[in-house]
Amino acid sequence: MSWFPARAVIDDAAIAANVRSLAAHAPTAQVMAVVKADAYGHGLVPSARAALAGGAAWLGAAQVGEAIELRRAGVVGPRVLTWLYAPGAPLADALAVDLDLSVAAPWALDEVATAARVVGRPARIHLKVDTGLGRNGLTPDQLAGLLPDALRAQAEGAVEIVGVWSHLAFADEPEHPTVRAQEQVFADAVALVESAGAHLEVRHLANSAATLTAPRAHYDLVRPGIAVYGLSPVPQLGSSADFGLVPAMTVEAELATVKPVPAGHGVSYAHQYVTPRDTVLGIVPMGYADGVPRHASGTQDHVGGPVQVGGRRLGVAGRVCMDQVVVDLGPDATEVAGDRVVLFGNGADGGPTAQDWAQAAGTISYEIVTRLGARVPRSHINSEGQQ
Ligand SMILES: *Cc1c(COP(=O)(O)O)cnc(C)c1O
C-alpha cells in the first residue's frame with residue numbers, strides 16, 4: 001500500500017544498542033538475535049542488519065522460509081539457524097544458502113541427511129532436546145535412540161553435529177523449579193552427545209528472559225528475541241529501562257477527523273462508551289486489521305488502550321473497529337485533523353509502550369508488535385553504518 005495515514009517507525013540504533021546490552025548481560029556467550037515472525041513485526045531484513053550492527057554473531061528464524069529470505073536479501077555473514085519445518089520442507093534450498101538446521105525428530109534427521117547428499121555438502125545440525133517444555137524437540141529417550149544414526153550420518157559426511165539446544169517453559173519465572181530441572185536435563189543431554197564423540201560448537205538454552213535473569217543458562221550462545229526489540233520479557237520483574245533496553249518500534253497515525261459532539265452521544269459500535277459531557281472526538285485511522293487489539297476497547301467505566309495526543313495521554317473510547325478507533329479528546333481539545341497521535345513508542349517522554357497495550361488487552365507485548373498489520377508501512381531510522 002503506497003499511502004497510509006499510520007506507520008511503524010523502527011529505530012535501528014535502538015535494536016543495535018539492545019543487542020549490545022544483551023551481550024553485556026551474557027558476557028560469556030555469543031548472541032543469536034531471533035528475527036522470526038518478520039523480526040517480531042519490525043521488518044525482517046533491516047532489523048536483522050541492525051542486530052548484526054549491534055554485534056549479533058548469529059540470527060535465528062523459526063520458519064525455514066524466513067531464514068532463506070534473509071540469505072536471498074544478502075545477509076550472508078552470520079550463521080543462521082532455523083528450526084521449524086514439516087516433512088517435505090525445502091531443506092536442500094536451505095542448505096544451499098548455508099543455513100544451520102535444527103533436528104527435533106527422527107524423520108527430520110533423515111530428511112536433512114537426504115538433502116545434504118543432494119546438495120553435496122554436510123548439513124550443520126543442532127539437536128533440539130525437549131528438556132521439559134513439552135513442545136518441539138527430541139525427548140531424552142528419542143535423543144539416545146537417534147544419536148547413533150546421527151553419528152553415522154556424520155561419519156558419512158551427510159551431517160555435522162554442531163549444536164545441542166533446548167527451550168525453557170518458565171524462563172519468565174526464574175525461580176520456578178522447572179528452570180533448574182530443565183537445566184539439569186539439558187546438561188545431561190549435552191554430556192550424552194559429547195561423550196558419544198560429537199564436538200559441539202554451541203550449546204544454547206536461553207531466550208530473552210533467561211539471558212537477563214538466568215546466567216547459568218547462558219552456555220555458548222543466547223537466543224533473545226523480544227529483548228532485541230527493546231521490550232521486557234519479564235514486565236513483572238523489570239521494565240525495558242531496568243534491563244537497559246529501548247523499545248525500537250513507534251506506532252503513530254494522523255487524526256482522520258476531529259469533531260465536536262454533545263453530551264450523551266454514543267461512540268462506536270454498540271455504544272459501549274457514551275460521552276459524559278459535550279466534547280470533541282478524534283478518529284484514529286487504525287483498527288484491529290492493523291493489529292490494534294479489540295480486547296483493548298474502552299467502556300463507559302474505563303478507557304481502552306492508551307493513545308498519546310499532543311503530549312496528553314488519553315485512551316480508546318468504545319470499541320476498537322476494523323480500521324479505526326475513537327479517542328475522546330475532551331471539551332477543550334485544540335487538535336485538528338492531520339495531527340499526529342502515538343499509540344506506542346519507547347516511552348521516554350511518558351508516552352505509552354507496547355507493554356501498556358499488552359496490559360490493556362490482557363496479553364503480552366510480543367503479541368502487540370508481532371500482530372501489527374501487514375498494511376501498516378514500516379520505516380527504519382538511524383540505520384547508518386550498517387552492513
Ligand atoms: C522465539 C524463540 C526464542 C526467543 O524468545 P524470546 O522470549 O522472544 O526471547 C528463543 N528460542 C526459541 C526456540 C524460540 O522459539
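Visitor: At what angle do helix α1 and helix α3 pack, and how far apart are their axes?

Guide: Helix α1 (residues 12-25) and helix α3 (residues 44-53) pack at an angle of about 45°, with their axes 7 Å apart. Axes here are lines fitted to C-alpha atoms, for helices over the stretch in contact, and angles run from 0 to 180 degrees between N-to-C directions. This is a predicted model, in which local features need pLDDT of at least 70 and side-chain atom pairs count only at pLDDT 80 or more, while totals for chains, interfaces and linings use all residues. Residues are numbered from 1 along each chain as its sequence is written, and side-chain values use heavy atoms, with hydrogens and water left out.

Visitor: Why is α1 called oblique to α3?

Guide: Angles under 35 degrees count as roughly parallel, over 145 as roughly antiparallel, 65 to 115 as roughly perpendicular and the rest as oblique. The angle between α1 and α3 is about 45°, which makes α1 oblique to α3.

Visitor: Which residues make up the contact between α1 and α3?

Guide: Asp12, Ile15, Ala16, Val19 and Arg20 of α1 meet Pro46, Ser47, Ala50, Ala51 and Ala53 of α3, where contact means heavy atoms within 4.5 Å. These residues divide into seven nonpolar, one polar and two charged. In this division Ala, Val, Leu, Ile, Met, Phe, Trp, Tyr, Cys and Pro count as nonpolar, Asp, Glu, Lys and Arg as charged, and the others, Gly among them, as polar.

Visitor: Why is glycine 60 called buried?

Guide: Buried means under 20% relative accessible area, exposed over 50%, and partly exposed in between, with a 1.4 Å probe and protein chains only. Glycine 60 has a relative accessible area of 0%, and is therefore buried. Glycine 60 lies in strand β3 (residues 58-63). Leaving aside neighbours within four places in sequence, its contacts include Met32, Val34, Leu81 and Trp83.

Visitor: What makes β11 and β19 the edge strands of their sheet?

Guide: Nine strands form an open sheet in the order β11-β14-β17-β16-β15-β18-β10-β1-β19, with mixed pairing. The strands β11 (257-261) and β19 (378-381) each pair on one side only, and are its edge strands. Two strands pair if DSSP finds at least two bridges between them.

Visitor: How many bridges link β1 and β19, and in which sense do these strands pair?

Guide: Strand β1 (residues 6-11) and β19 pair in the parallel sense over four bridges. Isoleucine 10 stands opposite histidine 380 in β19. Helix α1 lies across β1 and β19, running at about 40° to β1.

Definitions and conventions: Helices (H or I, at least four residues) and strands (E, at least two) are DSSP runs, numbered from the N terminus.
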